[in-house]
Every structure is written in structure tokens, then in C-alpha cells.
2 protein chains.
Amino acid sequence: MPPRAKEAIIDCDIHQRFKSHKELYPYLSKAWQKDIDEFGLRLTTTGSGGFLNGGTGGFREDSYPADGTMAGSDLPLMREQLLDYYDIEYGILTGQDCSPVSTLPNADYANAIASAYNDWMIEHWIEPEPRLKGLALIALQNPNQAAKELERVLDHPGIVGALTQAGARFPYGQRFYDPIYEVLNDRGMPFVVHTGGEGSGWNGNPTPVGYPSYYIEARQSRAMSYQAHITSLIFEGAFDRFPNIQWVFIEGGYIWLPTFLWRLDSDWKGLRDQTPWVTRPPSEYVFERVRFTTQPMEQGEGPKSLLQIFEWGRAEKTLMFATDYPHWDFDSPEQALPRMPEELRRRIMSENAREVFKLPVRTTEALAAD
Amino acid sequence: MPPRAKEAIIDCDIHQRFKSHKELYPYLSKAWQKDIDEFGLRLTTTGSGGFLNGGTGGFREDSYPADGTMAGSDLPLMREQLLDYYDIEYGILTGQDCSPVSTLPNADYANAIASAYNDWMIEHWIEPEPRLKGLALIALQNPNQAAKELERVLDHPGIVGALTQAGARFPYGQRFYDPIYEVLNDRGMPFVVHTGGEGSGWNGNPTPVGYPSYYIEARQSRAMSYQAHITSLIFEGAFDRFPNIQWVFIEGGYIWLPTFLWRLDSDWKGLRDQTPWVTRPPSEYVFERVRFTTQPMEQGEGPKSLLQIFEWGRAEKTLMFATDYPHWDFDSPEQALPRMPEELRRRIMSENAREVFKLPVRTTEALAAD
């Protein structure tokens with residue numbers, strides 16, 4: 001028997017996969033099916049170039065289904081290992097194999113894949129399992145096309161935001177992306193960014209000084225992409241232009257946040273005449289409008305250091321729990337977080353995510369009756 | 001009368017400039033002189049693309065000489081405003097106009113400019129003013145050529161290390177750079193990196209997600225370049241391969257260091273089998289072998305936060321004072337640092353730099369007699 005959760009848990013990063021890319025075919029034109037038969041999907045699995053991930057092919061060894069298919073491709077196994085085992089109230093699906101659509105050169109193909117992924121996710125995951133909520137994948141090559149895709153799927157009650165990867169040609173505050181933000185702002189839905197795609201396809205290098213050699217270096221650079229996106233959102237005035245959007249940054253770490261914001265606040269004092277539409281210290285915008293996830297849970301120096309960082313980062317508002325199931329560096333809800341005050345833990349484990357994704361409280365009993 | 005310093009001050013970042021680029025001509029071949037007459041130096045002043053800096057053209061308004069020439073080009077004025085005024089024991093020259101040599105496409109031209117800069121610096125600045133010490137500028141396009149230039153100039157007693165910019169095509173741990181490090185390692189001299197060149201010339205974008213719009217964003221990205229270089233030095237094993245080199249990173253901030261190292265230490269625990277030559281936690285290498293400068297001095301949240309960061313960052317070993325004279329965001333030796341224990345202040349104001357650059361203690365009287 002799985003343990004019963006003593007607390008509400010909302011898991012903000014669950015990777016679901018197909019057993020074969022042909023699961024997408026019912027949602028693709030015959031022409032695209034023919035191209036994929038000939039060339040494959042042309043999407044790298046990890047979305048971050050040639051780096052060698054950890055674990056077993058990047059995943060928990062026990063997460064591969066008995067039929068030999070891909071880790072994360074089996075809903076019953078996901079229920080057994082995650083949803084039932086930890087009594088997860090809600091899980092946010094972040095996909096895997098289609099996520100790098102925005103690294104592709106062909107905007108129409110990228111949009112077709114994103115669209116097929118969204119339909120597949122609705123039919124294979126969200127509708128069969130009401131604990132799972134989806135994010136609508138968008139291809140960023142053509143923001144007008146992405147906006148149309150969002151309009152097509154955001155009315156589904158199981159879709160709770162838009163999804164893209166961290167890797168990008170332009171930082172996310174730039175006006176290039178406005179058509180996407182207009183749709184989300186009208187509906188008050190979040191823009192969710194997951195690590196991946198940095199240095200892949202038409203994106204630039206994963207660091208400002210070129211391509212590193214090792215996966216651990218690429219992992220470190222995740223924070224850089226997020227810092228660049230957030231800096232852009234601030235100084236392009238995106239928070240004021242789109243007051244109803246929350247931006248969520250998954251799996252790029254959290255403990256860098258306070259000193260990053262201190263640096264921005266310091267510089268803003270000396271340079272604010274160059275961006276006069278930024279009328280408040282940068283940190284204020286971020287505390288209100290940007291959210292982060294826990295996994296991979298970082299460690300500090302000594303027992304109190306992480307709690308000090310959480311205080312400086314306003315973790316009671318800005319941090320949300322995630323497991324990253326079924327990846328090798330999965331974080332258990334029971335063991336991931338350091339000891340902390342009960343109310344802070346409650347905010348991180350469930351309530352911050354509940355607010356961002358607008359998820360009603362559901363009792364264990366109500367879930368069992370679904 | 002200038003105030004007398006109550007403490008030893010070593011300033012690790014002073015920008016000296018020429019009044020005209022023709023000051024380089026005595027050290028350049030006729031052929032290069034002709035090209036420069038025709039095309040100009042082809043080096044951007046800031047080395048960071050098209051961003052609009054702060055202050056007056058990027059400089060303190062009062063630092064422009066009365067003859068209308070460039071800020072930082074006048075040794076008597078530098079003495080009056082900086083060396084005498086604050087009773088600076090030593091100042092480390094970091095140049096300005098030639099610094100972006102490593103952004104140029106032509107390796108021979110880049111090396112010729114670096115070489116001319118070094119000769120000009122020796123004749124115009126180091127030899128006339130013994131408080132000033134120089135760093136040998138190198139062009140990174142061809143590390144063998146850079147190594148030869150270092151061998152040519154490092155014997156001069158006023159040269160205390162090698163200098164390059166942060167912007168680069170490859171991170172600085174990669175074996176591409178080994179010929180340079182071999183020369184420095186033989187002599188036990190530091191490799192000094194100054195902010196600049198990110199996104200310029202043949203370097204990639206200044207952030208992993210493309211080009212930002214505003215100078216304040218480019219300024220934020222300085223830390224990213226440094227983090228990528230340091231991560232590379234660690235995981236390529238550079239610290240063990242070159243045990244006699246210290247790496248110095250100027251003007252890219254400091255307060256991001258502790259959480260950056262915590263992230264690396266955490267990831268290393270889970271991934272150390274991929275880089276087994278890294279036998280100790282990454283933070284240990286950095287505390288021993290990497291140094292940073294203070295300017296632009298960052299602020300924290302509340303009076304104790306910076307001191308907490310200094311403790312976590314081992315500032316008593318890793319942090320060195322700098323003014324950045326004559327830039328607009330100049331930090332005064334008297335006002336830059338927060339209140340701190342006397343010994344910690346002494347390490348930051350002078351002793352860490354004294355060790356890295358191997359500078360003997362000199363009394364005020366000895367300096368006056370020079």
C-alpha cells in the first residue's frame with residue numbers, strides 16, 4: 001500500500017512520453033506523417049545537444065515499463081510510482097520528446113508537432129487521469145502561429161498554461177513574443193518555461209562564451225538562460241504590459257535568485273534613466289510575477305543557509321515543489337526539502353502552485369471518486 | 001592636499017588609455033599602420049557591442065583631461081584623482097581601447113595590436129610610474145602566438161600577469177588555451193579576465209538566449225560569462241593541470257559566487273563519475289585558485305547580508321579591491337565596502353592582491369622617494 005500524504009502535494013514537473021512517435025500520427029496530416037516516416041521527428045530527446053545526461057539514459061532505472069518502452073510512457077506505472085505512491089493532488093505535465101519544437105528551422109513543422117502533442121496529451125493523459133493537468137506546448141518560431149495554437153487548446157479545462165523550453169533565440173521579454181502573451185494575458189494563464197533546448201538547433205550557444213564540454217557544465221548554464229529571460233522581462237516592461245501573466249521557470253534552480261536580484265536592484269538605481277518604464281526595483285516585479293520549482297533541490301552550506309536563501313527569495317510566494325518524475329534526479333516529496341516552518345512548507349508543496357495554475361482544493365476522497 | 005591612506009590600498013582595475021591610437025604606431029609595422037590609417041583600429045571602445053553605457057560616454061565626467069582627449073589618457077590627472085588622492089600603493093592597469101583584440105577575425109592583426117599595446121603600456125605608464133603594474137594583453141585567436149607574446153614581455157618587472165576579456169568563443173578551461181597556460185604556469189603568474197567583448201565580433205551572443213536590448217541587461221550577463229569560464233576551468237581539470245596559476249575575474253560581480261558554488265558542489269556529487277579527474281568539491285578549487293574584484297560593489301538586503309555572502313564566498317581569500325577608474329561607476333576606497341572586521345578589510349583592500357600579483361610591501365615614504 002502506498003503511504004497516504006500528510007499534506008497536499010502539487011507536483012509541477014512530470015514528464016510524460018509516448019511509447020512510439022506514431023502516437024502523434026492521428027493528429028498530424030498525411031504529408032507530415034510521410035516526412036516523419038522518412039526522417040524521424042528530428043527532435044533531440046533531451047533538447048540540449050550532445051551532452052550525456054545522468055542516470056539510465058537520463059531516467060530512473062525503475063521507470064522503464066516492463067514492455068521495454070520509454071520511461072514515462074506508461075500511465076499505470078506513473079500512477080503506481082508517483083501519483084498513488086505519494087498521493088499527489090495534482091501533477092503538471094511537461095512532456096519530453098516534443099519539447100524542443102522551438103529549436104527547429106521549419107516553423108510550420110514545429111507548429112504541427114506542438115499541436116499534435118497537445119491533442120495527444122489531452123487524449124492520452126489529461127482526460128484519462130484528472131489529477132494530471134497539461135501545459136499547451138508552443139513553437140516560438142512564429143508567435144502569431146503560437147497564439148493561434150493557444151487559442152485552439154486553452155479552453156480545455158485540463159490545460160493550465162503555455163509551455164516552452166529555456167533555449168531561445170531571443171530573451172522572453174522582447175516584443176517579438178507579444179502575440180503569445182496577449183492570449184495568455186486575456187485568460188490570466190501562466191507562461192511556463194522548462195529547461196532544455198539551450199544550444200540546440202537554431203538557438204545560440206548554451207553559455208555566453210561558447211559550448212562547454214560536459215553535461216554538468218550545461219546543467220550549470222540553465223540558471224544563466226533563466227536569468228537572461230527574467231532580466232529581459234523586467235527591462236522590456238513585460239510585467240506591466242501583461243499584468244495577468246505569471247512566468248514559471250522549471251528546473252533551473254532557485255538559490256541564485258536573491259543575489260541575482262540584488263545585482264539588478266543595485267544596477268537599476270544607477271541606470272534607471274535608460275529604462276524609465278521600470279518604475280520599481282526589479283526584485284519587486286519578480287517576487288510578484290515569477291515562480292520557480294524546487295527540483296533538482298539545491299543544497300547550501302550548513303543547515304541554516306538554505307532557509308536564509310528562501311527568506312531572501314520570498315520562497316513563501318516564489319517557490320513550488322516538483323519531482324521531475326521519471327528523470328534520474330527525481331526528488332521525493334518526503335525527502336527533498338530541508339526542515340522549515342510548516343506554513344512555508346505548505347506554500348512550497350502546494351499553495352503557490354495552486355494559485356499560479358488556479359487549481360481548486362481537492363480532498364483525497366474526491367480524487368479517489370474520480 | 002590629498003588625504004593620506006590609513007591602510008594599504010591595491011587597486012586591481014585602472015583603465016589607462018591613449019590620447020590617440022597613433023601612440024601605438026612606434027610599435028606597429030608600416031603595413032599595419034597603413035591599414036589603421038585606412039580603416040581605423042576596428043575595435044569597439046567598450047568591447048560589448050552596441051550597448052549604451054552609463055555616465056559621460058561611460059566615464060566620470062571629471063576624468064576627461066582639459067585638452068579634450070580621452071578619459072584615462074593623462075597620467076598626471078590619474079595621479080591627481082586616484083594614485084595621490086587615495087594614496088594607492090599599487091594599481092593594476094587593465095587598458096581599454098585595445099582590450100577587445102580577441103573579438104577580431106584576423107589573428108595576426110589582433111596579435112600585432114596586443115603586442116603594440118604591451119610595449120606602449122610599458123613605455124608610457126609602467127616605467128614612468130612605479131605604482132602602476134601592467135598585465136600583458138593577449139589575443140586568443142591563436143594561443144601559440146599568444147604564448148610567444150607572453151614570453152616576449154613577461155620578464156619585464158612591471159608586468160604581473162596576462163590579460164584578456166570575458167567574451168570568448170570557447171570557455172577558458174578548454175584545452176585550446178593550454179599553450180597560454182603553460183607559459184603562465186612556468187612563471188607562476190595569474191590569468192586575468194576583465195569584463196568586455198561579450199557578443200562582439202566573432203564571439204557568440206552575450207547571453208545563452210540571444211542578444212538583450214539594454215546595457216543593464218548586458219551588465220547582468222557579465223556574471224554568466226564568468227560562471228561559464230569557471231565551470232569550464234573546474235571540469236576540464238585546469239586547476240590540476242596548471243597548479244601555479246591563479247585566475248582573476250574583474251568587474252563581473254561577486255555576490256553570486258556562493259550559491260553558484262553550492263549548485264556546482266551539489267551536481268558534482270551526483271555526476272562526478274563523468275569527470276573523475278575532478279577529485280574534490282568544485283568550491284574547494286575555486287576558493288584556492290580564483291579571485292574576484294569588488295567594483296561595481298554590490299549591495300545586499302539589510303546590513304548583514306553582504307557579510308554573510310562574504311563569509312560563504314571566503315572573501316578573506318577570494319575578493320580584491322578595485323576602483324575601475326576612470327569609469328562612471330568608480331568605487332571610492334573610502335566608501336565602497338560595507339563595515340567589516342579589520343582583518344577581512346585588510347585582505348580585501350590589499351593583501352589578496354599582493355599575493356596574486358606578488359607585490360612587495362612598500363611604505364608611503366618609499367613610494368614618495370621613487
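How many residue pairs are in polar contact between chain B and chain A?

Modeller: Keep in mind that this is a predicted model. Between chain B and chain A the count is 25 residue pairs in polar contact, with both partners at pLDDT 80 or more. On the chain B side, α6 (215-235), α8 (257-271) and α10 (305-313) each supply at least two of the residues that touch chain A. Of the contributors, α6(B) gives the most, with 14 residues. Sorted by type, the residues on that side of chain B come out as 28 nonpolar, 25 polar and 11 charged.

Now for the extent of the interface. Contact involves 64 residues of chain B and 64 residues of chain A. The area buried between the two chains is about 5400 Å², and carbon and sulfur atoms give 56% of that. Within chain B, Val209(B), Ile216(B) and Arg263(B) lose the most area to chain A, and together they make up 15% of what that side buries.

Charged pairs cross the interface too: the rule finds 6 salt bridges between chain B and chain A.

If you skip its neighbours within four places in sequence, Thr259(A) is in contact with Ile255(B), Trp256(B), Thr259(B) and Ile309(B). So what does that do to its exposure? Thr259(A) has a relative accessible area of 3%, so it counts as buried, the cut-off being under 20%.

Stepping back to chain A by itself, you get 13 helices and 8 strands. Its radius of gyration is 20 Å, close to the 21 Å from the globule rule for 370 residues, so chain A is as compact as a globular protein of that length. The C-alpha atoms fill a box of roughly 60 × 50 × 45 Å along the principal axes. Buried residues account for 66% of the 370 residues in chain A. As for contacts in chain A with a separation of 6 or more, 81% of them join residues 24 or more positions apart.

Salt bridges turn up away from the interface as well, and over all chains the structure holds 50 of them. Take Glu89(A) and Arg354(A), whose side chains meet at 2.9 Å, N to O. Glu89(A) sits in the loop between α2 (75-83) and β2 (90-93) of chain A, while Arg354(A) is in helix α12 (residues 342-357), so the pair ties together parts that are 265 residues apart in sequence. Both ends are tucked away: Glu89(A) is buried at a relative accessible area of 4%, and Arg354(A) is buried at 9%.

Over in chain B, Glu351(B) forms a salt bridge with Arg354(B), with the closest N and O atoms 3.0 Å apart. These two lie in helix α12 (residues 342-357) of chain B, 3 residues apart, or about one turn of the helix. Glu351(B) and Arg354(B) are both buried. Back in chain A, salt bridges that share partners join Glu89(A), Glu343(A), Arg346(A), Glu351(A) and Arg354(A) into one network. One last pair in chain B is Glu129(B) with Arg131(B), a salt bridge at 2.9 Å, N to O, and both of these residues are buried.

Notes. Residues are numbered from 1 along each chain as its sequence is written. Chains are lettered from A and ligands numbered from 1 in the order in which they are written. This is a predicted model: local features need pLDDT of at least 70, side-chain atom pairs count only at pLDDT 80 or more; totals for chains, interfaces and linings use all residues. Side-chain values use heavy atoms; hydrogens and water are left out. Contact means heavy atoms within 4.5 Å. Buried area is the accessible area (1.4 Å probe) that two parts lose on being put together, summed over both. A salt bridge is a side-chain nitrogen of Lys or Arg within 4 Å of a carboxyl oxygen of Asp or Glu. A polar contact is a pair of N or O atoms within 3.5 Å; within protein, one must be able to donate a hydrogen and the other to accept it, and residues adjacent in sequence count only if both atoms are side-chain atoms. Helices (H or I, at least four residues) and strands (E, at least two) are DSSP runs, numbered from the N terminus. Ala, Val, Leu, Ile, Met, Phe, Trp, Tyr, Cys and Pro count as nonpolar, Asp, Glu, Lys and Arg as charged, and the others, Gly among them, as polar. Buried means under 20% relative accessible area, exposed over 50%, partly exposed in between (1.4 Å probe, protein chains only). The radius of gyration is taken over C-alpha atoms; the globule rule is 2.2 Å times the number of residues to the power 0.38.
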